[in-house]
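Student: I have a model open and want to go through its contacts. Can we start with the charged pairs?

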Amino acid sequence: MPSMHTHPCWYFLERSVLHGLRRSISTVGFSLRSALNAARVVSQVDKKFILICVKKSPNIGDREDAELLVLVDQHAADERIRVEGLLADLKASPVLLPNPLIFEIQAREHRLLSRLASSFAALGVVYDMSAPARSPRCKIIVKALPAAIAERCRLEPKVLIELIRSESWKCEEEGGGGGFLATKTCPQGLLDMLNSRACRSAIMFNDELTNEECQTLIRRLGNCAFPFQCAHGRPSMIPLVDVGAGASLCIGKQVFGSQKGEVDMSNESKPFGAAWKFWKPDG
């Protein structure tokens, strides 16, 4: 089985889904994970958010007991947890369909999809081709799919054939080496299905959570590779204010909330506030 770092879905995670956050991967590190895992849940707010206290690192000029009040979007947080789980599941072997999905295609598509069969199989989309003699119509027989999308494709076969067709023609448009072949990424259609599933199954606004459920959610978020945004790019949390230290949130030579200035990111193990500020898009 391919390793996490060579499997196409992980190329996709690094190069496409989180392209704008690639440089923050060294910033987040263990300091952020430790901060979220040790965070203290204050309360659920309006059945939409989770208010937490996160300890700041003492190496940026604040007292050791300095904390940040952070507001976490419960839906965005759970969506991030779920989409990373679905992406990880793409490493697993595809599941065989009890009833293969069969689609009619044209002869030109038959030649193209025959050439791309091994590339799609690497993504978990396994199919055979059928071309009856003296018939202008050919068939693609999909036998196995990634578990994360198998049920959706079984219920909505049109989604699957559109995914296969669109991605195969993208490859063809650039001399046979375009699309996900060129970028070594998963197809956008596959990502869209994973994002949709993560969103629909995630905790929603107005879902009441116990303190224990809030704590579990925050700890799971702390184990994510990119905890600051949901599957669709919306921020999952925002620091509100320092508590217990009376100090500004200083990051390098910049104070949180002030005009942008020079930011010293030489230390790879940044504290929570610095990691969030470094991730925060310009705007």
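Student: Which residue forms a salt bridge with D73?
Tutor: R234 does, and the closest N and O atoms are 3.5 Å apart. The pair links distant parts of the chain, 161 residues apart. D73 is in strand β3 (residues 67-73), while R234 is in the loop between α9 (211-222) and β7 (237-243). Bear in mind that this is a predicted model.

Student: Is D73 buried or exposed?
Tutor: D73 counts as buried because its relative accessibility is 8%, and buried means under 20%. R234 has 36% relative accessibility, so it counts as partly exposed.

Student: What else does the side chain of D73 reach?
Tutor: One of its oxygens comes to within 3.0 Å of the backbone nitrogen of H75, at the start of helix α3.

Student: OK, α3 then. What is the distance between its end C-alpha atoms?
Tutor: They are 23 Å apart. Helix α3 covers residues 74-89, and at 1.5 Å a residue its 16 residues should span 22 Å, so the two values agree.

Student: How many residues of α3 are buried?
Tutor: 12 of the 16 are buried, so α3 is largely enclosed by the rest of the structure. The buried residues include charged ones such as D78, E79, R80 and E84. Among the others are I81, V83, L86 and L87.

Student: Back to salt bridges. How many are there in the whole structure?
Tutor: A search finds 12. In general, side chains of opposite charge can pair when their charged atoms come close. One of the pairs here is E156 with R152, at 3.0 Å from N to O. E156 counts as partly exposed because its relative accessibility is 38%, and R152 counts as partly exposed at 26%.

Student: And which residue does K158 pair with?
Tutor: K158 meets E162 in a salt bridge, at 3.9 Å from N to O. Both residues are in helix α6 (residues 157-173), and being 4 residues apart they are separated by about one helical turn.

Student: Is K158 buried or exposed?
Tutor: K158 counts as exposed, with 60% relative accessibility. E162 has a relative accessible area of 43%, so it is partly exposed.

Student: At what angle do α6 and α8 pack?
Tutor: The angle is about 145°, and the axes of α6 and α8 (residues 188-201) are 8 Å apart.

Student: Which residues meet there?
Tutor: From α6, V159, L163, E167 and K170 take part. On the α8 side the residues are Q188, G189, L190 and M193. By type, the residues of this contact divide into 4 nonpolar, 2 polar and 2 charged.

Student: New topic, a histidine. Where is H110 found?
Tutor: H110 is in helix α4 (residues 107-122). Its relative accessible area is 17%, so H110 is buried.

Student: What does H110 touch?
Tutor: Leaving aside residues up to four places away in sequence, H110 touches I105, M129, S130, A131 and C138.

Student: Last one, the overall picture. How many helices and strands does the chain have?
Tutor: The protein chain has 10 helices and 9 strands. Of its 283 residues, 44% are buried. Among contacts between residues at least 6 apart in sequence, 69% join residues at least 24 apart.

Note on methods:
Residues numbered from 1 in each chain as written. Predicted model: local features only at pLDDT ≥ 70, side-chain atom pairs only at ≥ 80, totals over all residues. Heavy atoms only, no water. Helix = DSSP H or I, 4+ residues; strand = E, 2+ residues; numbered from the N terminus. Expected span 1.5 Å × (residues − 1). Buried < 20%, exposed > 50% of the residue type's maximum accessible area, 1.4 Å probe, protein only. Polar contact = N/O pair within 3.5 Å; in protein donor to acceptor, adjacent residues only side chain to side chain. Salt bridge = Lys/Arg side-chain N within 4 Å of Asp/Glu carboxyl O. Axes fitted to C-alpha atoms, helices over the stretch in contact; angles between N-to-C directions. Contact = heavy atoms within 4.5 Å.
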